[in-house]
Amino acid sequence: MSDIVISAENIGKMYTIGHQAERGGYASLRDVLMQNARTLWNKTKDLAMGKSIIQGDTMEEVWALKDVNFEIRRGETVGIIGRNGAGKSTLLKVLSRITEPSIGRVTINGRVASLLEVGTGFHPELTGRENVYLNGAILGMTRQEIKQKFNEIVAFAEVEKYLDTPVKRYSSGMYVRLAFAVAAHLEPEILVVDEVLSVGDFEFQQKCIEKMTNFANGGRTILFVSHNIGAIQLLCNRGILLEKGHIIFDDTVANTVHCYLNDGIAQEGMRVWCMDEAPALDDAVKLLSIRVIDGSGSPKTNFSVKEPIIVEVEYLVLKEKYSLNVHLYFSNETGDTLFVSMNNLDSPYRDSIQPEGLYRERCMIPANFLNEGTIRIEYLICTRPTSQYFVTIPDAISFQVTDDRSASGVRGNWVRDWPASMLRPRLDWYVKRINETPQDV
């Protein structure tokens, strides 16, 4: 039996997108009618020829993947990384046979379970119980085989209470928990997982990483797409770097991450360290990343004063040795400290030593709090209760706060420049008319 479970040969995926022509100035009624007639004629031709109808006056061909070649062997855990729009999700859809490549060929030897988008593979009208059996049947398992795994799947997904409820009524988190449990427990040879795990809460993500680690240790193959570089490094032994639909690097996960971070490809709004270059707290802790993200979890560097800002840090505990305290120092572009925030009140490990594992901590800055300008962050992690050991990263990352002068923000109807200040909090004011006329005073 061949040791190669996935082979991609000259894979390309092309999409056709439509654009509306710009209408400059005044258009006569005749021009509008002629344009609509041309559009209708083009759509009628496409329909008659069996082509999909694309909205727009002009068409453009876009290659999401081009000249993609690789082989994946049994037991490899492969992390696929790259910017948004690099082609990562499209590649997984092609490998999962959800979409066919425009050119090239994919050969797969083994049963594939995919978790690409919330609800993929589930029938919304069926219950959670029925969808477990449906997915097992799709994977080629007998009812008896699924029944043997059923209780384990339900316990992992933590959806016992809603098991006989149609999944269309599930939250996105419940969907993901059940979908991952099904994909990971029904014994596929190849597990394909996209960024969808970010929908779940932190505890569930940790449980998924542990399950995938056990899955990989059992000699099975994993393809994992994620912007979480720490999880990629922890789980994978090989990395594939995509940019604009092309593979530009394919090597060990450490070398691939190093290429991603040091060749200017990494997304703005984050700083990530390779495992072998990560700042460390002796032999017990490694700092993996710090990023600023919006409410959807996307890294970015430019925020409106009206939107909340989330600072996310990740670190890896290698030895059960310390209770840790994370500090974030916020300063403006001139170096003045605006404020300091730390997790000493909210950490569940405030009074206990942290077990080994990957940790993620988030600090949310409320909307209408920071004034516009450049904000810099110093990242520090130290031991509790005294800072006997610590690591600090000055100027770890920075981001921009801008003001669109909208009346819906803290400025209200103030149309001039905001008075010079480091912060711009929206505080509660109490305004009430207590007398009708001054004579009543």
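How many bridges join strand β6 (residues 190–193) to β7, and in which sense do the two run? Four bridges join them, and the strands run parallel. Here are my notes for a first look.

1. **What you are looking at.** This is a predicted model, where local features need pLDDT of at least 70, side-chain atom pairs count only at pLDDT 80 or more, and totals for chains, interfaces and linings use all residues. Residues are numbered from 1 along each chain as its sequence is written, and side-chain values use heavy atoms, with hydrogens and water left out.

2. **The chain overall.** You will find eight helices and 19 strands in the chain; these are DSSP runs numbered from the N terminus, helices being H or I with at least four residues and strands E with at least two. Of the 441 residues, 45% count as buried, where buried means under 20% relative accessible area, exposed over 50% and partly exposed in between (1.4 Å probe, protein chains only). Among contacts with a separation of 6 or more, 70% come from residues 24 or more positions apart; contact means heavy atoms within 4.5 Å. The accessible surface comes to about 23,400 Å², with 50% of it belonging to carbon and sulfur atoms (Shrake-Rupley method, 1.4 Å probe; for residues, only the protein chains shown count as cover).

3. **The six-stranded sheet.** This is an open sheet with the order β5-β6-β7-β3-β8-β9 and mixed pairing; two strands pair if DSSP finds at least two bridges between them. Its edge strands are β5 (112–115) and β9 (246–252), each pairing on one side only. Neighbouring strands are turned by 15° against each other on average, direction ignored (axes are lines fitted to C-alpha atoms, for helices over the stretch in contact, and angles run from 0 to 180 degrees between N-to-C directions).

4. **Strand β7, covered on both faces.** Take a look at β7 (residues 221–225), where five of five residues are buried. T221, L223 and V225 lie on one side, I222 and F224 on the other, and all are buried. As background, side chains in a regular strand alternate between the two faces of the sheet. Strand β3 (residues 77–81) pairs with β7 in the parallel sense over four bridges, with T77 opposite I222.

5. On one side, β5 and β6 run parallel, joined by four bridges, and A113 stands opposite L191. At the other end, six bridges join β8 (residues 238–243) to β9 in the antiparallel sense, with G239 opposite D251. β8 and β9 form a hairpin with two residues between them, and K244 in the turn has a positive phi of about 55°.

6. **The five-stranded sheet.** Another open sheet has the order β13-β19-β18-β15-β16, again with mixed pairing. β13 (302–304) and β16 (337–342) each have a single partner strand, so one side of each is left without a neighbour in the sheet. Within it, β15 (residues 324–332) and β18 (residues 373–383) run antiparallel over nine bridges, and V326 stands opposite I381.

7. **Helix α3.** In α3 (residues 128–138), the buried residues are G128, N131, V132, Y133, N135 and G136. Their cover includes α4 (143–157) and α5 (172–185). Just after the helix, G140 takes a positive phi of about 90°.

8. **Salt bridges.** The whole structure has 18 of them, each a side-chain nitrogen of Lys or Arg within 4 Å of a carboxyl oxygen of Asp or Glu. E76 and R238 meet at 3.0 Å, N to O; E76 sits in the loop between β2 (58–73) and β3, R238 in strand β8, 162 residues apart. Both are buried. R129 pairs with D164, their closest N and O atoms 2.8 Å apart, and this links helix α3 to the loop between α4 and α5. R129 counts as partly exposed because its relative accessibility is 33%.

9. **A nonpolar patch.** L427, W429 and V431 make a nonpolar surface patch of about 470 Å². Patches are made of residues with over 30% relative accessible area and no salt bridge: like charges are joined within 9 Å, nonpolar side chains (Val, Leu, Ile, Met, Phe, Trp, Tyr) within 5 Å. L427 lies in the segment after β19 (390–402), and at 57% relative accessibility L427 counts as exposed.
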